[in-house]
Amino acid sequence: MSETEQRAAPPAGLDLSVRIGSLLMSNPVGVASGTFGYGEEYDELVHIDALGALYTKAVTLEPRKGNPAPRLVETPMGLINSIGLANPGVEQFLEKKLPLLSRRRCAIIVNVAGSTEDDYAAVIGRIEERLASAAPGSEGRSGVDGYEINVSCPNVHRGGMSFGTDPALIERLTRALKKRTARPLVLKLSPNVTDIADVARAAEAGGADAISCINTVVGMVIDTERLRPAIARGTGGLSGPAIRPVGVAATYKVSRAVGIPVIGLGGISRADDAIQYLLAGAQAVQIGTSLFSNPGAPQEVLEGIAAWMGRHSVKSVGDIRLMLREPA
Ligand SMILES: Cc1cc2nc3c(=O)[nH]c(=O)nc-3n(C[C@H](O)[C@H](O)[C@H](O)COP(=O)(O)O)c2cc1C
């Protein structure tokens, strides 16, 4: 057995696999959109094939330069970003990123963003068109195993209000996108709403295969000497350990509102964080901001989950969500 196979193999007797619609992931630990690019920068640092899934940086119809700098600021136990979905656009994604992604052995979930329903549909339509005509990569992989729909973008048809805050829009968008692809569709929800469970139910009604929960929390830091916000745009998205309890609570709520799998994220840096999400009801997790300080986090978290399962005599990772003693 090669070193790669040894490291990717789960400990004997444990089932770490996760099913999202028609997709079977080898394990529950993925890397979050926007914190891992399309993988290339991490090749030397992370055993990418051993990940459960790689969620790509957002892909939009047109290239986007993103927001003006400064667009990142550190906060206690967190980071605020206002990157503005900087990405090369779907055509460059197809030319430059897809060939590399099709050589990966982990699940590849393409994160999609847009300002209108048509934008999202066009990105998925264009990718599907290419996949239908392209020769598969190594081991018959296409490089796209599913889509994660980032609905936190402002909807230009609705005066900039985010898709993610309107359940009716979410249901309509999901329904429209399901017609464009047979691959699993994961709706990634914003916590910046009155009731995230309402939005999750709408996504499920539209045909979503899973929910990712959560995207960043709106935050602001003010520079008191320069008398201006530390981020050029004013507010940004807070991520990292500071938001973990928000994400765990959202996962708990959403997993009780829908029957489809929930993928939990927000502030995971250690196995214990991931296990909290799994106990709250998630079937898989993603690691984002903590990759910046510890690219080894996914491997450590996966090993920690396996060790915890051993200690608690759990054979299948999917059973962890059934183990929480419900609050009074
Ligand atoms: C620098 C940066 C860029 C991000 N870009 C995206 C993106 O393109 N699409 C998306 O859905 N989420 C994006 N996110 C949100 C993350 O995927 C994740 O939902 C959030 O950071 C919470 O997880 P974490 O605390 O583990 O980072 C980004 C986050 C950061 C920090």
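## Burial and overall dimensions

Of the 328 residues that make up the protein chain, 55% count as buried. The model is a predicted one. Its secondary structure comprises nine helices and 16 strands. The radius of gyration is 19 Å, close to the 20 Å that the globule rule gives for 328 residues, so the protein chain is as compact as a globular protein of that length. Along the principal axes, the C-alpha trace spans about 55 × 50 × 40 Å.

Among contacts with a separation of 6 or more, 70% are between residues 24 or more positions apart.

## Surface and charge

The protein chain exposes about 14400 Å², of which carbon and sulfur atoms supply 52%. Its charged side chains number 34 positive and 34 negative. The centres of these two sets lie 3 Å apart.

## The largest nonpolar core

In soluble globular proteins, nonpolar side chains tend to be buried together. In this model, the largest nonpolar core holds 102 residues. The members that touch the most other members are I127, Y147, I149, L187 and I305.

E128 lies in helix α3, which covers residues 117-133. With a relative accessible area of 15%, E128 falls under the 20% limit and is therefore buried. Leaving aside neighbours within four places in sequence, the contacts of E128 are Y147, R180, T181 and R183.

A cis peptide bond joins A69 and P70, with omega at about -5°. P70 is found in the loop between β4 (53-55) and β5 (72-75).

I231 is found in another part of the sequence, in the loop between β13 and β14 (236-239). The C-alpha atoms of I231 and A69 are separated by 7.3 Å, although the two residues are 162 residues apart along the chain. Beyond its neighbours within four places in sequence, I231 is in contact with P70, R71, L72, V73, I80 and S82. These contacts include P70, the proline of the cis peptide bond. The relative accessible area of I231 is 2%, under the 20% limit, so this residue is buried.

L85 lies in the loop between β6 (78-81) and α2 (90-101), whereas L227 is placed in the loop between β12 (222-223) and β13 (228-229).

For L227, the relative accessible area is 71%, over the 50% limit, so L227 is exposed.

Note on methods
Residues are numbered from 1 along each chain as its sequence is written. This is a predicted model: local features need pLDDT of at least 70, side-chain atom pairs count only at pLDDT 80 or more; totals for chains, interfaces and linings use all residues. Side-chain values use heavy atoms; hydrogens and water are left out. Helices (H or I, at least four residues) and strands (E, at least two) are DSSP runs, numbered from the N terminus. The radius of gyration is taken over C-alpha atoms; the globule rule is 2.2 Å times the number of residues to the power 0.38. Buried means under 20% relative accessible area, exposed over 50%, partly exposed in between (1.4 Å probe, protein chains only). Contact means heavy atoms within 4.5 Å. Accessible areas come from the Shrake-Rupley method with a 1.4 Å probe; for residues, only the protein chains shown count as cover. Lys and Arg count as positive and Asp and Glu as negative; His and the chain ends are not counted. The place of a charge is taken as NZ of Lys, CZ of Arg, CG of Asp or CD of Glu. A nonpolar core is a set of buried Ala, Val, Leu, Ile, Met, Phe, Trp, Tyr and Cys residues joined through side-chain atoms within 4.5 Å.
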